[in-house]
Amino acid sequence: MTLLEQMLENTDSAAIIGHVHPDGDCLGSTLGLYNYIRNCYPKIRAAVYLEEASDKFAYLKGFGEIRHEPDGESYRLCLCADSSDRERLGKFVCYLENAETSLCIDHHITNTGYAAFQVVEPQASSACEVIFGQMDESRIDKSIAECLYTGIVHDTGVFKFSCTSPKTMEIAGKLMAKGVDFGNIIDGSFYRKTYVQNQILGRALLESITFLDGQCIFSAIRQNVMELYGVSGKDMDGIIDQLRLTEGVEVAIFMYQTGPQEYKVSLRSQNKVDASRIAAFFGGGGHVRAAGCTMSGSIHDVINNLSLHIEKQLKEQGEEE
Ligand code: AMP
Ligand code: MN
Ligand code: MN
């Protein structure tokens, strides 16, 4: 029996939480757990708590039941998915604090081990891949498969990032066999954009700037521009992926303003720079090729601070070669 099954056998209530700014893997992993509990452990009182997410994920079963504010209920078990540290749990950390026990299921190399028990697999593509390994495959129905498939699709950039392994593809195949509508999931939740999302993507690309001899590219969106287009952080998914594909670029940086002198920064690297090391230095985290953090100062300050670290790593690489 897996650790997840053991903990579910021994509880009558469970809060399921993820990370701030929930993405496809966060939604897929938390709702996958929720639907699994609903089907296999109907006596457990369970609820998912997450910040508001993009409604492009509304096809996931249970999406409409997600609670967006702490509500004073208490649960004996807290399940945390796809969150590398306590801070990333945001305002829902109260469910971890008030629970008798907790289990964190994650795939971040920067995971701090904040729960009572953890299943952390840094080589896994996604939290959904780890969760698949914790579930009894015969009890995964189509709705659970849709959740897990969505998480894998999003964290692998549709099966192409370096975190995609033969095992990832085997799991995706097993989920496909449960009848998921893979074409619609990939188009609808990953590639489709609203008109304003396309506009902000275009603007970010138009205003992007390369530096360090074209090895780095960055683009920044200020709050007044976000207001002009009527977009929020969740409308800017995908911008970093297009920047990353610029020919000759080793490191791509995208940032959008979250407050006066404050930016949410995304970092992607091609094959030389350890992005998670840089993000962790600035209080964030993530993976070697994809990481993020929040930084303060002007756009200029942020780029200056990041470029020092990038340059240093590129130099170290050059010396090793
Ligand atoms: P993003 O650039 O926001 O898409 O994030 C890329 C990766 O880094 C994801 O796996 C995130 O979970 C992780 N990440 C982003 N921001 C942070 C942060 N502030 N702290 C820890 N991990 C982060
Ligand atoms: Mn995530
Ligand atoms: Mn993830």
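Predicted model: local features only at pLDDT ≥ 70, side-chain atom pairs only at ≥ 80, totals over all residues.
Residues are numbered from 1 along each chain as its sequence is written, chains are lettered from A and ligands numbered from 1 in the order in which they are written, and side-chain values use heavy atoms, with hydrogens and water left out.

**Exercise 1. Identify the protein donors of the manganese ion (ligand 3) and state where His107 and Asp155 lie.**

Step 1. Donors are N, O and S atoms within 2.8 Å of the metal (3.2 Å for Na, K and Ca); water is not among the atoms, so sites may look incomplete.

Step 2. At 2.1 to 2.2 Å from the manganese ion (ligand 3) lie Asp25 (OD), Asp82 (OD), His107 (NE2) and Asp155 (OD). Along the chain, these donors have the spacing D-x56-D-x24-H-x47-D.

Step 3. Histidine 107 and aspartate 155 link distant parts of the chain, being 48 residues apart. Histidine 107 belongs to the loop between β4 (101–106) and β5 (117–120), and aspartate 155 to helix α5 (residues 142–155). Helices (H or I, at least four residues) and strands (E, at least two) are DSSP runs, numbered from the N terminus.

Step 4. A residue is buried under 20% relative accessible area, exposed over 50% and partly exposed in between (1.4 Å probe, protein chains only). Histidine 107 is buried because its relative accessible area is 2%; aspartate 155 is buried too, at 17%.

**Exercise 2. Determine which residues coordinate the manganese ion (ligand 2) and which residue bridges the two ions.**

Step 1. Aspartate 82 is the bridge between ligand 2 and ligand 3, and the two manganese ions lie 3.6 Å apart.

Step 2. Histidine 19 counts as buried because its relative accessibility is 4%. Aspartate 23, by contrast, is partly exposed, with a relative accessible area of 28%.

**Exercise 3. Find the polar contacts made by the side chain of histidine 107.**

Step 1. A polar contact is a pair of N or O atoms within 3.5 Å; within protein, one must be able to donate a hydrogen and the other to accept it, and residues adjacent in sequence count only if both atoms are side-chain atoms.

Step 2. The side chains of histidine 107 and aspartate 25 are joined by such a contact of 3.3 Å.

Step 3. At 3.4 Å, the side chain of histidine 107 also reaches the backbone oxygen of serine 125.

**Exercise 4. Describe the shell around ligand 1 and explain why ligand 1 lies between two domains.**

Step 1. A residue is near a molecule if one of its heavy atoms lies within 4 Å of it. There are 14 residues around ligand 1, of which His108, Lys264, Ser266, Arg268 and His287 come nearest.

Step 2. An oxygen atom of ligand 1 is 3.0 Å from a side-chain N or O atom of histidine 108. A polar side-chain atom of arginine 88 lies 3.1 Å from an oxygen atom of ligand 1, and a polar backbone atom of glycine 285 lies 3.3 Å from a nitrogen atom of ligand 1.

Step 3. Taken alone, ligand 1 exposes 480 Å², and the protein buries 82% of that. These areas come from the Shrake-Rupley method with a 1.4 Å probe.

Step 4. Two or more residues of the shell are given by each of β9 (262–269), β10 (285–286) and β11 (290–296). The largest share, 4 residues, comes from β11.

Step 5. Ligand 1 lies between domain 1 (3–191) and domain 2 (195–320) because both give residues to its shell.

**Exercise 5. State how many residues of helix α4 (residues 127–134) are buried, and name them.**

Step 1. The helix is mostly covered, with 7 of its 8 residues buried.

Step 2. The buried residues are Ala127, Cys128, Glu129, Val130, Ile131, Phe132 and Gln134.

How values were computed: Nonpolar A, V, L, I, M, F, W, Y, C, P; charged D, E, K, R; others polar. Domains from an automatic or database assignment.
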